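The following note concerns the ligand site and the domain arrangement of the structure shown below. Please read the points in order.

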Amino acid sequence: MTMVDVTVIGGGLAGLACAQSLESRGRTCVVLEAGDAVGGRVRTDRVDGHLVDRGFQVLLDSYPELPRVVDPSSLGLRSFIAGARVRTRDGWGRVTHPLRHPVAAVMDRFAGSMRWSDALALAPLAWRAWRGGALPSLGATSAHGVVVNAGVGAATIDSFLRPFFAGVFLDPSMQADAAAFDFRFSMFARGRATLPSQGMGMLPTAMSARVAPGTIRLGTRVRGIDRSGTGWTAIVDGGAMQSRAIVLATDGPSTRALVGSLPERPWCSTMQFTFDIARAEAPAAMLSPILFLDGLSRGPVNHAAAVSVVQPSYAPAGRVQWSANVVDPSWLAHADGTIEAAVREQLCGWFGTTAPQSWRLLRAQRVEHALPRQHAGDRPPEGSASPEPGVILAGDQVGDASINGAIASGRHAAELAERVLAG
Ligand SMILES: Cc1cc2nc3c(=O)[nH]c(=O)nc-3n(C[C@H](O)[C@H](O)[C@H](O)COP(=O)(O)OP(=O)(O)OC[C@H]3O[C@@H](n4cnc5c(N)ncnc54)[C@H](O)[C@@H]3O)c2cc1C
């Protein structure tokens, strides 16, 4: 049996951040990861010469935790235009960040893509977030309440804010907790949405390079944990790992399989359709490095992007990679083929051509447990990160459900483990 100070179960962002933090304190640890690579929910695969992320994700360069765990300049980040093209009854509108692209933002307003009163209601929120301040919630507990209280009208909420934040929370209800909404609003206001040169999976790979060689054991699923003497034993196929403390940096359902007493939390799901298109045949309207939103709620696609226009390394030369994403539970209840047919039909409507009917589907990817739901009251109460003495929870199951939250939770778990080791 091997003995270390801390066993970290799970090699996602939380587990890797935890291992980095423990090692920087001079502690020995091992990361046991069931999968064949690090990253957990942040993985990128090579598919026919494309880099395909497992679900559409972006890395916000404003995340405060990022520079603690990687050198962001090593990721070759390329950014989206700060804003979105929005499909409305009148065709395409555009909303751009008023402080990052002020001229475009004013032109968008004159083009009528948002009512002036709504633009004037949103501008002070963007200014406040840009300067690092919190949004005034005025007593609201949900994202919807915050923007209504700020004076934003229903048309702008439904055509722009709802699909934008449905893509962020993977939840079209706008019922996300006001604090979680405030954090994301401020990260988008202050930073850029980016894609790394080798796909989103480049982030965990870079994080793992900062962990001592031999610390991470891939293909090692933990079957159970047992108290043993003054510490804990993690049971793996054909062996065991003993340590003074255990960090469960696992996703929520996997954690419950190891510590049955934990309450179940609702999760949000998503499905990504990734298409490969000859650049010469792609409708010109789609070749913009910006997010495309469905402001009509008339089909399965909530948000989409020509990801290789943002980050050219995502597609081979002469090809475009288009990512179309579904988050509405009523659409996700259908069979994959039914959703795909409706996705193609919706995209034909978006681009006024039948071309999407012939686009080659590279991959249809469902992610059932994509993000824990983040409505008010969903987040576990403070202090619940340690269900048993010496067992510490990390990951977006206890922290904010984001890349930043997962990394922060891993660092926090290392601090709690340090207390166990010191005590
Ligand atoms: C489709 C999608 C889109 C997203 N979009 C964004 C975005 O744009 N921006 C953003 O900030 N966040 C986004 N997120 C959220 C972000 O990716 C997650 O919050 C974060 O990656 C969670 O990391 P984690 O380490 O907590 O958990 P995970 O990544 O789930 O890692 C848990 C690890 O534990 C391992 N494991 C589980 N059980 C065991 C076991 N018994 N033994 C050993 N190993 C085990 C798993 O294999 C996994 O590697 C998105 C997530 C998804 C799925």
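1. Buried area is the accessible area, taken with a 1.4 Å probe, that two parts lose on being put together, summed over both. Domain 1 and domain 3 bury about 500 Å² between them, with 48% of it on carbon and sulfur atoms. On the domain 1 side, His375, Ala376 and Asp400 lose the most area to domain 3, together 77% of what that side buries.

2. The model is predicted: local features need pLDDT of at least 70, side-chain atom pairs count only at pLDDT 80 or more, and totals for chains, interfaces and linings use all residues. Residues are numbered from 1 along each chain as its sequence is written, and side-chain values use heavy atoms, with hydrogens and water left out.

3. The domain assignment gives domain 1 (2-43 + 201-264 + 375-422), domain 2 (44-78 + 267-372) and domain 3 (81-191); such bounds come from an automatic or database assignment. The contact (heavy atoms within 4.5 Å) takes six residues from domain 1 and nine residues from domain 3. The C-alpha centres of these two domains, domain 1 and domain 3, lie 35 Å apart.

4. Where does the ligand lie? Domain 1 and domain 2 both give residues to the shell around the ligand, so it lies between them. Of the 34 residues around the ligand (a heavy atom within 4 Å), Glu33, Arg41, Tyr63, Asp396 and Ile403 come nearest.

5. Strand 18 (360-372) is among the elements that each supply at least two residues of this shell, as are helix 1 (13-24) and helix 13 (403-422). Strand 18 gives the most, with three residues. Helices (H or I, at least four residues) and strands (E, at least two) are DSSP runs, numbered from the N terminus.

6. Polar contacts are pairs of N or O atoms within 3.5 Å. A polar side-chain atom of Glu33 lies 2.6 Å from a ligand oxygen atom. For ligand nitrogen atoms, a backbone N or O atom of Val222 lies at 2.9 Å from one, and a side-chain N or O atom of Ser254 lies at 3.4 Å from one.

Key
Polar contact = N/O pair within 3.5 Å; in protein donor to acceptor, adjacent residues only side chain to side chain.
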